[in-house]
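Student: I am new to this structure. Please take me through one part of it closely, the charged side chains and how they pair.

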Amino acid sequence: MNNILYYPILKWKTGEQCALSKSNFNTQNFLPIIELVEELEPEDFFSKVHNCYNGSIIYDTVRCDQDRSLLSSYAAYAYEHHIEAYPLLYPNDIYDQIETISKITSKVSVKIPIPEDIDGESTQDILNSLIPYSSDTLIDLIFDAGEVLTPQIANIVFATYKYLLINNETLINKFNNLVVCLTSFPEQLTIDSGESTSYIRYDIQIFSKLRSYFPTYKLSYSDYGVTKFTESELDFRLMKYGTLPKIKYTTYDKYYIHKGKKDRIHGIYTRSIKDMCKEIIKSPYYSGQEFSYGDQIIYEKATLPTAGPGNSPQWVTYCANHHLTLVMEQLSNLSSV
């Protein structure tokens, strides 16, 4: 079987940047989708990417680029400087941007909602609109199902992907890669202080099952990791007590979340970062201190008396680094099946 490509969606913030810089795996099978959260000049952005990662990337400017001028400037800059960075487009961009951008890039990715938006174009119409550009430009189709948090939603999403693949085989084969994009890590966490909880990874279950149903398709995988929503985005000036620390830890079949607890009266933690790290390294799902940079830090914070707790961006780094490393290993194992 061909190696599975991994397209993780990463917000372009300090924690995720450090997670990339601390990663150590084959970049040929790893193509991060970098989601900009603020407008940056092309030279500034690509310089920062180069400082922390030396592989190809996809950039998504939609959050800070209403008129799509930033997207065009990035495409032009990457083309002029021979940078292996490619734009992420949305269905609306097919009519406004792709004709121009396809002339200055060898590859684009298009994110398409699944199931179809009730008020939007049909999937077949979107694919037919892309066909004229597919002969000269490699086009990755990223079918995004969003959050999949319950077995009922998982069943619907799996059936929708099946329908898509069965009924559009001729169309889909005209494109470069077909990317299954979804997440089972919730954007809003409901967990009490001092508690731990877990979420079933329907995302990887669905992807694995689709591969077994459709062995002739070259399916790739994309997820939102464990940093889609991070506390580094909160305004602590508006919070009376700040926020309690959390550790988000990915395993082959679950996402585990551990939350700290604080005695507000005495100002001391009754479940600290160190306490949670000790729990993780003693758990049956701990990957081991040598598995990733994030796992090494968790081990050090659990065992070294001098290890500090770390701040929110640092914990984004540790958790994201572990997640990326684990998913890469998991996909590598699926490739050999």
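Tutor: Start with one pair. The side chains of Asp 140 and Lys 107 are joined by a polar contact of 3.3 Å. Keep in mind that this is a predicted model. The contact between Asp 140 and Lys 107 is also a salt bridge, at 3.3 Å from N to O. It qualifies because a salt bridge needs a side-chain nitrogen of Lys or Arg within 4 Å of a carboxyl oxygen of Asp or Glu. Asp 140 sits in strand E6 and Lys 107 in strand E5, so this pair ties together parts that are 33 residues apart in sequence. Strand E6 covers residues 138–147. Both partners, Asp 140 and Lys 107, are buried. For Asp 140 the relative accessible area is 0%, and buried means under 20%.

Now widen the view. The whole structure holds eight salt bridges. One of them links Arg 63 to Glu 35, with the closest N and O atoms 3.0 Å apart. Arg 63 lies in the loop between strand E3 (57–60) and helix H3 (69–80), while Glu 35 belongs to strand E2 (residues 33–35), so the pair ties together parts that are 28 residues apart in sequence. The two ends differ in cover. Arg 63 is partly exposed, at 47% relative accessibility. Glu 35 is buried, at 13%.

Next comes a pair within one helix. Lys 48 forms a salt bridge with Asp 44, and their closest N and O atoms are 3.8 Å apart. These two residues are four apart in helix H2 (residues 42–52), so about one helical turn separates them. Lys 48 is partly exposed, with a relative accessible area of 35%. Asp 44 is partly exposed too, with 32%.

Some bridges share partners. Go back to the bridge of Asp 140 and Lys 107, 3.3 Å from N to O.

Glu 116, Asp 117, Asp 119, Glu 121 and Asp 125 form a negative surface patch. Patch members have no salt bridge, and each has over 30% relative accessible area. Take Glu 121 as one of them. It lies in the loop between strand E5 (107–113) and helix H6 (123–130). Glu 121 has 34% relative accessibility, so it counts as partly exposed.

How values were computed:
Residues numbered from 1 in each chain as written. Predicted model: local features only at pLDDT ≥ 70, side-chain atom pairs only at ≥ 80, totals over all residues. Heavy atoms only, no water. Patch = residues over 30% accessible without salt bridge, like charges linked within 9 Å, V, L, I, M, F, W, Y side chains within 5 Å. Areas by Shrake-Rupley, 256 points an atom, 1.4 Å probe, with all protein chains shown as cover. Lys, Arg positive; Asp, Glu negative; His and termini not counted. Charge placed at Lys NZ, Arg CZ, Asp CG, Glu CD. Buried < 20%, exposed > 50% of the residue type's maximum accessible area, 1.4 Å probe, protein only. Polar contact = N/O pair within 3.5 Å; in protein donor to acceptor, adjacent residues only side chain to side chain.
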